[in-house]
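User: I have a model open and want to go through its ligand sites. Can you take my questions one at a time?
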Amino acid sequence: MEVVVRLEGVSTTYEGERRPAITDINLLVERGELITIIGPNGAGKTTLLETINGLLPSEGLVEVFGLSVREHGRELRRRIGYVPQDFMVEAGTPFLVKDVVAMGRVGRIGPLRPIREGDWEIIWAVMEELGIADLADRPIGKLSGGQQQKVMIARALAKEPELLLLDEPFSSLDARSRMVVCEILDGLREERGVTVLVVTHDLSAIPEGCERIVLLNEGRITADGAPDQVFASEAFLRAYGPVRAVIA
Amino acid sequence: MIALPSTLLLRAIAGGVLAGALCSLVGVFAVRLRMSSIGFCMSHSAFAGAALGVLLALDPLLMAMLAALATAALLGPISEKAKLPANVIAGVMFPMTMALAFIFLMLLPGPVIGLTVLSLLWGSVLTVSPSDVAFLAILLALTTSFIVLFWKELNAVLFDPRLAEADGVNSRAYMNAIIFLLGGVVALSLKLVGGLLVYALVVNSASTALQLSYDMKKIFLLSPFIGMLAFLSGFGLSLWLDLPVGSSIVLTSSIMLATSIALSPKRKRG
Ligand SMILES: Nc1ncnc2c1ncn2[C@@H]1O[C@H](COP(=O)(O)OP(=O)(O)OP(=O)(O)O)[C@@H](O)[C@H]1O
Ligand SMILES: [Mg+2]
């Protein structure tokens, strides 16, 4: 199988901090996989995603599509869709929804070529799929939290990414919208072999089709495997305490 | 009302309109990216540079340009070394450049401070030379092409530099280009509006445009016209009441900003 993400002995320390936020991470992700990364607040989930995306300086081997993110970070990010956690803008922000979604394609298109008709077709199709096409001409700051979250997901999808990094993408979405997003993700994996990493601290937000869960706790991967296996593990109990029932 | 020779008047108007358009174009970047203290710092170091130029009998415009660009070049690396935001470093450097400027002015020989120096402080349309106008026109052409050619990248950086970086855009390179542009524009406009007030033209017109629309493209189209209008009305006011040009422009552009805030669609239910 084709390896999309390869981490070996990776540690990331924020500037000015002494302790690394994630420590000695080893992770192999294959093409088309959907992996949910869970862990309590402060476990290092966001740090892990940003390390994979080459946005944070780290130690160890970090490769995406067989290329080191240290040397090829920007070029790789043109193929990686990223939805940051809790991204919200001020009410007066002077950008329209459709323009924000279109920005997702900017890196992929590259400099000196404008956004063309064909690009807009893709941008509109993504907005339709997420049900935000009727918001296209609204200022983004006037949208609700959940609507803004959909815009950020649309922005990542407009890139036609080969790898998707989603940081708590469901936190403001209602149940129906979560299902819509999950269906889109399933479609992308099946049709285009897109690889998806979803981060969530909320165990009820684990996507349905998920076959592999990675548990982070205090900056380390403490469990990695099929959902049942992870939920039954000692490490899971340590990280989340005795929660039952939440996992339906 | 003072009578100016018509060639001087035309030259002043051409220079002012160009400077107004330029300042307010780059002003949109400066305001949106919160580079205000960087801009203030550069306008004051340009002023210090011009003062030094007068002291050393070198071309004040060239010296102003060099000082502004040197500041632009220094801010990034210093803020990285000091691990402080460039805004903070700029805030510290700004009084320092002012202090230097006053020292240079004090060191000028003779009791009479010449017209050049006064014009550096308050701005003067009398000292605008044909080459100043040509430089302003060239810089406006460069700025416009930069914005048009890299519109989609600049748009992404203006929305959120970090997010643009995550989409594979070299945000830092664009931010640096913007800082340099800002330095050049400030230094070139210095003569007209004066070192103490030039930055108000940058901030006021762009802030006015930002009040009036939610669409970045419209804001960029609107802002230079507001800048030109600010110059023309301020210039008219200064001729009429015999006030310093820079002060008049700042007054009219401030009134325009206040009006736009009062009328802004952003404050109404939309
Ligand atoms: N910019 C930063 N500078 C210093 N330390 C940071 C920074 N961002 C995060 N940390 C620290 O790194 C650790 C991991 O943070 P991270 O944001 O990755 O957690 P997370 O698992 O995403 O948490 P959450 O569920 O709250 O989103 C935390 O201890 C946090 O305090
Ligand atoms: Mg997080």
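User: Which residues coordinate the magnesium ion (ligand 2)?
Analyst: This is a predicted model. In it, A:Thr46 coordinates the magnesium ion through OG1 and A:Gln85 through OE1, at 1.9 to 2.1 Å.

User: Where in chain A do A:Thr46 and A:Gln85 sit?
Analyst: They come from distant parts of the chain, 39 residues apart. A:Thr46 belongs to helix α1 (residues 45-52), and A:Gln85 to the loop between β6 (80-83) and α3 (97-103).

User: Switching to ligand 1. Which residues surround it?
Analyst: The surrounding residues are A:Tyr14, A:Glu17, A:Ala21, A:Pro40, A:Asn41, A:Gly42, A:Ala43, A:Gly44, A:Lys45, A:Thr46, A:Thr47 and A:Gln85. Both magnesium-coordinating residues are therefore in this list.

User: How does that shell split by class?
Analyst: Six residues are polar, four nonpolar and two charged.

User: Which polar side-chain atoms lie 2.7 Å from an oxygen atom of ligand 1?
Analyst: One belongs to A:Lys45, and another to A:Thr46. For A:Gln85, a side-chain N or O atom is 2.8 Å from an oxygen atom of the ligand.

User: How much of ligand 1 does the protein bury?
Analyst: The protein buries 61% of the 640 Å² that ligand 1 exposes when taken alone.

Terms used:
Residues numbered from 1 in each chain as written. Chains lettered and ligands numbered in written order. Predicted model: local features only at pLDDT ≥ 70, side-chain atom pairs only at ≥ 80, totals over all residues. Heavy atoms only, no water. Donors = N, O, S within 2.8 Å, 3.2 Å for Na, K, Ca; no water. Helix = DSSP H or I, 4+ residues; strand = E, 2+ residues; numbered from the N terminus. Near = heavy atom within 4 Å. Polar contact = N/O pair within 3.5 Å; in protein donor to acceptor, adjacent residues only side chain to side chain. Areas by Shrake-Rupley, 256 points an atom, 1.4 Å probe, with all protein chains shown as cover. Nonpolar A, V, L, I, M, F, W, Y, C, P; charged D, E, K, R; others polar.
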